[in-house]
Amino acid sequence: MSDTRTTKNAVYLIDDDMVRTANHPVPSGWDYDQRGAVNPVVHQFGGSFVIASDMNCNEPVSLRRRFLPLRGGKANFALTMFLKGGDGFYLNFYDENDNETLTLRQKGFSLVSGDKTIPVPFLNGLQYITIEFDIDEKLAFLSLDGRECACLPLACGSLASLKLGYGAADSGEFDIRKVALWINYLVCDRNLCPKNGQMPEDWYVFYNGNANAYTSAYYEGKPETTYALHAQNGSSVCAYHPFEKADGKVCFELKYLTKGDGGDKVVFALSKNEEDIVTVVDDGLRSMDSKGGVLREHSPYVWQFMRIEADTKTKKALIKHNGVKCGEIDFDIDADYFDGISITYAPEKDGYMRFTDVYAFVIQPEPDDYPKPPVRPTMKNGYTTGINVCSLWRNGEHWGWDAISSFEENKTFLGYYDEPLTEVADWEIKWMVEHGINAQFYCWFDNQTDAPIFKTHICGALDDGYFNAKYCDEMNFALIWEAANASSPDLDGFKKYLVPYWVDHYFSHPNYYRIDGKAVLSIFGLNKAIASMGGPETFKIAMEYLEDVLKSLGYTGLITMTSGEPSDELYRAGITSVYAYNWGHQSYSFDYVKSRIESQMQQDKLHVVPTACVGYNDVAWREFRSPFTSQEEFGQMLTWMRDDVISKYENDEETWKKKFVMLATWNEYGEGTIMCPSNINGFGYLNEVRKAFTVEGDDFESDRPTGAALDRLGYLYPRPRAIIQAPLLEKTYSDKGELLFKLDFDTQEKIDKWEFSGEGFAELRDGKLYGESTGSDPKFVIPVDFDAEDVAIIKFKIRAKNGLSDFSNATAKTANLMCHYITDEDGEWHYNKQLTPRAYDGEYAVLMPCDDMKWQGRIKAFRFDPCDNQGKFEVEEILFIKGDKSIIETYIDGKHYKSHHKSKVENGHAYVPFEPLRDFCVLTNVYHEWNIETKTLMIQKGDVKSFWTIGSDVVKCSDGKQIKLKKSLDSYDNLPMLELSAFCEFTGYKYDVKTGRIDITTK
């Protein structure tokens, strides 16, 4: 793979918390060689990744990560892991040609690199390893727990990838917690070392009197650590960090916490030769310049963000406090460069302050192809629009771009971007503003409910990107309080910690979104937030408290909205309105969205903010494909909302109701609600917003990044990269079969053949089986008699929903349709003979029994459960579709290989789909890498690599051997179709093709 990009910007190339999705067993961007793993199928879910080597299999196990090639300059690497025992763990770095440039290998209680042995207490403990690379000098400076312990030579003049693992003869286990690699920072310190103790050696600490400086856990039971400066009785302590000389625009930023009683004094400074040049002071209640001029007041005992942008040419510094531009201050002393930063703590009496996430870097000059200022249209009639923004797109913090990379239609005009980058934010602001969108509603996750909020989850798009964007002031923002998937406080925690944080960081920002002077707050997962408060009445008290605080800031009130159905509970909780984060799998249908909104409005319980949605195609997250709406139908949806929904509130005293429309969603690439310009529809959806709500009312094709401008928008996802995954754009081979038979419900006689159990009723209505379940687990059973191998697909034409409210055109997916069956050899209903929908084509829920190992023999009874418990359902027909006899199942050492698409036989030759996410590599014990540029699949067995290229009829092997294919390698639905005889020739495996079945034997 080639990556020719370079950058002078301070950026991360890896910043990985090792999270993964349920569908993707490996963190995004990494290649996993599972051949020597103890259990290659089971991995740690969430915030770490476990690698355990099986010493009995004589195979290696490793994780590999490529990154932007570094051909000079300096870089820094950090690894936090828990080594649980064994011997032979290694950490290797490679150059662009995959030559080893640095090797660290564990031997007992030492690390070995070349002829150097570094003793460390290495077994059964938490390890923090850092390496500072000087690529020009070909040197690497190794530190353990912040203490430098070795200077090591680099064998090559570049860095391009790293690998962590065990060799074939090694054994052991380690748990990766954090991996980071960054370049071009003068200082980059996020307290990644998880151990208490002295500050690292690159900090110099100066004391005056009784004072101390150290690293410690921020809060008992939490994994984060911070630096703490402690001083007593008028003493002081200064933490100073030098760096190489830097001029131009130099930025210094950090997070800090003081006692907040007004008696603190913290001084932040950029310095030259240890002399303070630019200083900002904080006394715990306000930030000030060096002369005492107040920059910004803030709440006591709340974590603060300080950013100083100092320009050595103008001798002025722009101060941003919690994202707000507080003013421009003069240098205290003239200086033409900086070479250090300092944090000095000098309280009036005994106290301490904490700080973390310290950065210093040069802000590079704006390139010529930076996005031009947005051209703002004029909004009609005071209309105002908001859009949901899902901040998941910083690879390494969430499920990552790997899950999206196989779905070309979801690829945006920004590429696989890093959302905290300001240039990304400016492109997004430009596109939204130019098309009549007024506010971004950012998902906001709280991770702390019983102490001052230290770090929030997935916050870079707002806190870093938007707040520091050049065009930040062109657009408003608001919060979606994400209570469903984060911590939720009780009433005391809400008042004491959450509201002060919101006030300091968001509500006091001049760009916070307001309508008629009222702040707008969305709440996702309201039920969880209400439960944490102790009930709706207490939650209402919380909202009233927040509204009073906001009025003290100058707001006229608070508009709260939540995604969900109007209810008495929401009314009792003090919620103002409801809207939709999305409308589910039928969001593509204007008629469906219209019916949902009309149903909510008819209840007349809460105001309904109409929400337009472009679809909900969550194939990337859940392998379930549903349509996107057309541009024309999306325009009809918006016009109806403008003319027939909000116009109803023309005479309402609360005038905001006649102005406000929401859009779903800007960037939910996994859930498939995508309005950001992408391969789906370009600027089409945005143009419909512009036509509906602006005076101009025309199509507007905004600029878009290309070339170097596009290159600058993302560094954390390896380029070029895409994983091998079936995008499910093609029908399964088995879908080519004809209809075997169908079950329908057009007469009472047919309905009487079904046995219904569960509380409620079922009846014939308009040629359909209609029913309601008032209890739990409703089910229908009918006797049948057919060969399982004759049926490959079952399709349900059904509407069903949980709950007894109006249908609102709900689909089977909404209600979790489930089917079971009985065979002639197994007469019991059991969860392991269960079928669920695999796709939805707009009319039918599609089930794939041919993927089920238990689906064999004679099927004697069939059952379906239309919904989970209480619900409504309407079933028109059930289709049983034959399988294609040329399509056959594959078994590897007796285990069923459940690929999305089946193997096939053509001209007497068998072809097997290569689908790593369906455990092909695990079952055959091979390792693979995929080059999306050359369409070449590398498959490794033992030490030999084979290279399979789409369109080529020759497989080339690293040992010089070539294997001639019967036809050129092709793919089906993005899956390479391996010629089985060639694959077995390479691996030494055997295979047998029978009627309807392939057996591969690896042992």
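Helices here are DSSP runs of H or I with at least four residues and strands are runs of E with at least two, numbered from the N terminus. The model is predicted, so local features need pLDDT of at least 70 and side-chain atom pairs pLDDT 80 or more, while totals for chains, interfaces and linings use all residues. Residues are numbered from 1 along each chain as its sequence is written, and side-chain values use heavy atoms, without hydrogens and water.

The residues of α5 that are buried are Pro536, Phe539, Ala542, Met543, Leu546, Val549 and Leu550. Viewed down the helix axis, these residues lie within an arc of 135° and therefore line one face of α5; the arc is taken from the directions from the axis to the C-beta atoms. On the face turned away from the buried side sit Asp548 and Ser552, both exposed (over 50% relative accessible area). After α5 comes Gly554, with a positive phi near 110°.

Turning to the whole protein chain, its secondary structure comprises 15 helices and 66 strands. Buried residues account for 61% of its 1003 residues. Of the contacts (heavy atoms within 4.5 Å) between residues at least 6 apart in sequence, 72% join residues at least 24 apart. The C-alpha atoms fill a box of roughly 90 × 80 × 50 Å along the principal axes.

Definitions and conventions:
Buried < 20%, exposed > 50% of the residue type's maximum accessible area, 1.4 Å probe, protein only.
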